[in-house]
Amino acid sequence: MKNMTNIKIGIIGSGGMARHHLVRFAPMETAEVVAIASRNEQTGTQLAGEHNAVFIPEWHRLVQREDINGVVICTHNDSHGEIVLAALRADKHVFVEYPLASDVGEGEAALRLAEDRGRVLRVSHPEAVSNTHKALKQKIGELGDLLLTSFVRLTPGRGARPEILFNLSVSGTPAHFFIYHIYPIVDFFGGAASVKKNAVYEGLKENGQYDRFVNTLTVEFERGGVGQWTWAGGVAINAAEEHERYVLTDGTISDAGDGWHCTTPAGVTPLVIPDSPQPTLQKLWLSEIRDAADQPPNLEDARVALEAIRISLSSE
Ligand SMILES: NC(=O)c1ccc[n+]([C@@H]2O[C@H](COP(=O)([O-])OP(=O)(O)OC[C@H]3O[C@@H](n4cnc5c(N)ncnc54)[C@H](OP(=O)(O)O)[C@@H]3O)[C@@H](O)[C@H]2O)c1
């Protein structure tokens, strides 16, 4: 039996991530998903029916509902910013799938609104709560100044929904839909002073869809040091590969697919990643909403998410 003071949630979108969040909120004693809005009536009514929630075809009506305290946004990238702004204007707390927005002005306006209205604005970046991220952050803090961080991801296929993902109009550039590779690095090193970009698309059609890409970004961080990201997708490689390195003045931390290692003049050691339980992003958001009743919300995550889209949107 849910109590009377639980947080009432509306979810927008009825695809993979909407279901992902819904099944995590559903068993919680302190939260209740009361409504689902989606343009897809079939999946929307099905998801709502499975969880005793109301289906609303139009998301504008969901954000206006007085019985809803928090809105979870799980639509495609092209609509995040608009829905975030509408939800904050309606005084709702917001949890939005990454990216925060596909326009920097919308992202900035969202942060201002959240500050002015004392609403929680959290972006669904799982790195923020991962033990690996915390261990890397601590180790980076011990190894001096950043010289270079580099990230490479090569992906063979085009995913289950290439018409959505490999589509500049819906998802934005690869740097934007792979923003979860940018977010943690911004959380470590802050914003960029300058960004250089390169993007090549094969089979690009007028509606924004394409078959294959290579997208690179090079940033100079405001605090010094260089960051480089390379993504290539739809390429001839058997399995996805990822390489990541942090080169600092006193040592290098890297993962070339065989786990994280730290190299210093004293030798090579595996990075110790603690096994401590972490709150889920959903639980974190709910606890932030409860805290926001007595104090201004902590918007640090939203600030990092905004710096991350400043970088990803420079790749357009
Ligand atoms: N945090 C993570 O680990 C993670 C993982 C994957 C994806 N994501 C992000 O999560 C978001 C959703 O991805 P997904 O995989 O859940 O996509 P999905 O399965 O295609 O679901 C998107 C849902 O939103 C609906 N929708 C899209 N635009 C809408 C609009 N303007 N108004 C109303 N409904 C709309 C879609 O309707 P239709 O069925 O009609 O298209 C669909 O129900 C994306 O931004 C993606 O980048 C995050």
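Which residue in β10 does serine 150 stand opposite? Let's start there, and keep in mind that what we have on screen is a predicted model. The residue is glutamine 228.

Okay, let's zoom out a bit. Strand β7, residues 146–155, and strand β10, residues 226–233, run parallel, and 8 bridges join them. As a quick reminder, strands in a sheet pair through backbone hydrogen bonds, and the pairing can be parallel or antiparallel.

Now the whole sheet. There are 8 strands in it, and the sheet is open. If you walk across, you go β8, β9, β10, β7, β11, β12, β13 and then β14, with mixed pairing along the way. At the edges you find β8 (192–202) and β14 (267–270); each has a single partner strand, so one side of each is left without a neighbour in the sheet. From one strand to the next, the twist averages 10 degrees.

On to a pair of helices. Helix α1 covers residues 16–25 and helix α2 covers 41–50; their axes come within 11 Å and cross at roughly 5 degrees. So α1 is roughly parallel to α2. Who's touching whom? On the α1 side it's Ala18, Arg19 and Leu22, and on the α2 side Gln46, Leu47 and Glu50. Sort the residues of that contact and you get 3 nonpolar, 1 polar and 2 charged.

Last stop, the ligand. It has 19 residues around it, and Met17, Asn40, His76, Asn77 and Arg161 come nearest. Asparagine 40 has a polar side-chain atom 2.8 Å from a ligand oxygen. For arginine 39, a side-chain N or O atom is 3.0 Å from an oxygen of the ligand. Glycine 15 uses its backbone instead: an N or O atom there lies 3.4 Å from a ligand oxygen.

Terms used:
Residues numbered from 1 in each chain as written. Predicted model: local features only at pLDDT ≥ 70, side-chain atom pairs only at ≥ 80, totals over all residues. Heavy atoms only, no water. Pairing = 2+ DSSP bridges. Helix = DSSP H or I, 4+ residues; strand = E, 2+ residues; numbered from the N terminus. Axes fitted to C-alpha atoms, helices over the stretch in contact; angles between N-to-C directions. Parallel < 35°, antiparallel > 145°, perpendicular 65-115°, else oblique. Contact = heavy atoms within 4.5 Å. Nonpolar A, V, L, I, M, F, W, Y, C, P; charged D, E, K, R; others polar. Near = heavy atom within 4 Å. Polar contact = N/O pair within 3.5 Å; in protein donor to acceptor, adjacent residues only side chain to side chain.
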